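I set down here, in order, what I looked up in this structure. The sequence and the coordinates come before the entries.

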Amino acid sequence: MKKLTYSIIIILLGVLPIAFQGCSPAKTESSQRTVAFDSDWRFLKGNPADAQNPGFDDSQWRKLDLPHDWSIEDLPDQIKDSIIGPFSKASVGKMSTGYTIGGTGWYRKNFILSKNDENKVVYLQFDGVYMNSDVYINGKLVGNHPNGYTSFYYDITSFLNPAGQPNTVAVCVKNEGKNSRWYSGSGIYRHTWLTVVNPVHVGVWGVHAETPSVDDNSAQVNVSTNLVNSGKEGKPVTVKVEILDPSGKVVGNAEGNITVQPDAVNKIEQKIQVNKPDLWSIDSPKLYAAKVSVLDNGKETDVQQISFGIRSIRFDAQTGFTLNGKSIEMKGGCYHHDNGPLGSAAIDRAEERKIEIFKNAGLNAIRCSHNPPSPYLLEACDRLGMLVIDEFTDMWEKQKNPNDYSLYFKEWWQKDIQSMLLRDRNHPSVIMWSIGNEIPEAADTSGLRIAKKLAAEVRKFDTSRAVTQALVGFWSPKPGKSDTDKMASLMNELDVAGYNYAYNKYEEHHEKYPNRIMYASEFMPLYALDNWKMVEKLPYVIGNFAWVVMDYLGEAGVGLSRLVPDVPEKPGPRRGGGMGLLFAPDSWPIFNDYQGDIDLIGNMKPRYYHQLVVWRQSPIEILVHRPIPAGMKEVVSPWGWPDELKSWSWAGHEKEKMQMHVYTRSKLVKLELNGKLIGEQAVDGENAITATFDVPYEAGTLTARCYDNGKETASQTLKTVGAPSALRLIVDRATIKASRNDLAYVNAEVVDAEGNVIPYADDVTIQFEISGPGEIAGVASGSPTEMSSFKQPQKKTFMGKCLAIVRPNGAHGKIILKAKAEGLKESSVEIVTQ
């Protein structure tokens, strides 16, 4: 059969028309009918009059490729101590948005449809724009979309000029006022797509594959296809479905006939049996494809292919969560959507690397806090085997900020829920739909009313997954009315209840509601062991999700421990012993939250090593507390961790007692310093996993050994490093695609003569130089306080490390990245693009 083909021509501004070419990112819905629309946009930060009109002169605007986030870019007129890189003390969001700036910006792009596309239907799709976007085609408003996280599309056919003539798309993006509790970024920060189809075609997000019956021998695959007829008369067509296994072999098919009516819902459902299926799981994430072809008198007029997984999921208070009949305890983490030095720009490799880091850290589940993620992140979860809670929003009708989504909720909730469900319901990684996080009205009658509507709307489009919500504040607004009574009605609307910071309520609530399935939708790291004990003990508690798995921009300093004067507290009510520092509206120059198990550039933080022992994934971890100056004390955030390091390099503190912790589930710990036994301590191993020692500092080796029943079971050693000697560059992948959607992450380290990282190297300025077909897309360190540009080719190290991100320009070749620092041996790395 001859496939439908078409061509799209793009006008590069100021250049003759050329055929569209570029590196299209992967797309779950894939066929020749849809191409990436990311390249060759023009951008201006500002709000000039008439920028939507085709004749507007944008020749002086900046040229760029999407995805793009302007809030991560350097601000003009830099002023020491008040405007540094992208940070400004004048930021409306202050600490919440990490002192970054929103505002209004415009994007413009010209394109021409070829004569082959005459009389066809054209859709323009946006995976995510933050926020409140107005889209114009040829000067006419096509639509407004307030939500900054949900995907949306427009049928732009009627707005286009005849094929062969130029068209102008203009997008106004408004990130104004206080509208977010964290860094959101600004702009068209996810991918854009152009779809050209015949009048009778498969709708956008129009194919849904689900597997209601699955076992090792066979699976039933139900494929539902929504067909659209943009013509004026009904059209009889044949719909052919082929199921392709992970190797691409056709393992099942079906055909059906339908007359596709205009202005109507045209759905055809087809059932196909697959024998001996390769089941999708965390450890073996096998993916199938459903290829749907529309045939008119035997001629293929449209084709759409989606990926899916064959797997079964079940939630039960007696057996917990099961995947393909096997019990799974969810070792989860929450995360926000930014990509550190790239801001919110959802470049494919950045999204994929994030999931790789989480997977390598031992997680098997993530919670998308508190919004739908990029489509590509879910594709990465599908491929890598990561379970997902796909979350809708952080607020309903009651605001958390004056200009947030609550202003639009009543008008837009239904459309935005549909967007999330239709776009994401083919992903096998998604196991729960969350309808909200820490909703203020959850405990009153309006909360119940809204929850019922949201849950019903979710189930209208997908009944194969659980509906959940993250609840917080299990307290009584009115005397005599318990938290259980107050929220019980709402929780009865859920399939699974998310408990934020309330593990101590599980057993009490189970007594009253024995069929309720629960999990820690958020927990604090200082209570990691208590939370995990509940997961291991109680079958109706199916997992927990750390707040948070990775540092993010905004909510500045909430997880950062502070030093305050050690003075007696004054008589009277306690005020938190310094806890007010953690939520102070002015935390400058702190810009990231520092609450993560993993820092902003992907390095494991001290609390992560404790979590490994909690999960029984490491037998021993040792950490040493940074010395606290005389007259000071440490205030530790419940969302943070004491200032510990994996380091035995403390020059200047000789003979000073250093507090160290050994985390283990073994019953006995023995500690050696330079080969001599200096102490031992018994450990419970279940209710407590920490042995604490005070060790006078002496350079050399510090070794902790664990024993059970008199036998050594594990050990770990920290070694004093030498003097800083050289730089070392380590690239995550030396060969990458010559695509704007690929990246190479290059870690820069300060090392001694033996190659040991210098953990106290916090202020070494590294200068980067790049040559070849690429650019430095971002630089960063794990420091929450080192405010500087993410775009300039230099960065100070933090704990001996920083990061440079290299982005190809689309050409094949070799990229050379060099690093220099005063007094240290240089380093370089080669990256091949192909």
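**Conventions.** I worked on a predicted model, in which local features need pLDDT of at least 70, side-chain atom pairs count only at pLDDT 80 or more, and totals for chains, interfaces and linings use all residues. Residues are numbered from 1 along each chain as its sequence is written, and side-chain values use heavy atoms, with hydrogens and water left out.

I took helices (H or I, at least four residues) and strands (E, at least two) as DSSP runs, numbered from the N terminus. I then looked up burial, where buried means under 20% relative accessible area, exposed over 50% and partly exposed in between, with a 1.4 Å probe and protein chains only. After helix 1 comes Gly362, with a positive phi near 100°.

**Charges over rings.** I counted a charge as over a ring if NZ of Lys or CZ of Arg is within 6 Å of the ring centre and within 35 degrees of the ring normal. Arg353 lies over the face of Tyr745, 3.9 Å from the ring centre. Arg516 has its charged end over the ring of Tyr513, at 4.3 Å from the centre.

**Strand 45.** I noted that 7 of the 8 residues of strand 45 are buried, so the rest of the structure largely encloses it. Two strands pair if DSSP finds at least two bridges between them. Strand 45 pairs in the antiparallel sense with strand 43 (residues 726-731) over 6 bridges, and Val746 is the bridge partner of Val731. Strand 45 also pairs with strand 49 (residues 801-808), again antiparallel and over 6 bridges; here Asn747 stands opposite Leu803.

I traced a sheet of 5 strands in the order 44-51-50-46-48, with mixed pairing. Its edge strands, strand 44 (735-736) and strand 48 (794-796), each pair on one side only. Strand 44 runs parallel to strand 51 (residues 827-833), joined by 2 bridges, and Ile736 stands opposite Thr833.

**Aromatic pairs.** I counted rings of Phe, Tyr and Trp (its six-membered ring) as paired if their centres lie within 6.5 Å; planes under 30 degrees apart are stacked, over 60 edge-to-face and the rest tilted. The whole structure holds 29 such pairs. Tyr288 and Phe308 have ring centres 6.1 Å apart and planes at 35°, so this pair is tilted. Tyr288 lies in strand 20 (residues 288-296) and Phe308 in strand 21 (residues 299-308), 20 residues apart; both are buried. Phe37, Trp41 and Phe111 form one aromatic cluster.

**Nonpolar core.** I used a core defined as a set of buried Ala, Val, Leu, Ile, Met, Phe, Trp, Tyr and Cys residues joined through side-chain atoms within 4.5 Å. Which residues of the largest nonpolar core touch the most other members? Among its 130 residues, they are Phe315, Phe358, Ile366, Leu387 and Met432. Leaving aside residues up to four places away in sequence, I found Met432 touching, among others, Phe315, Met330, Tyr519 and Ile542.

Notes
Contact means heavy atoms within 4.5 Å.
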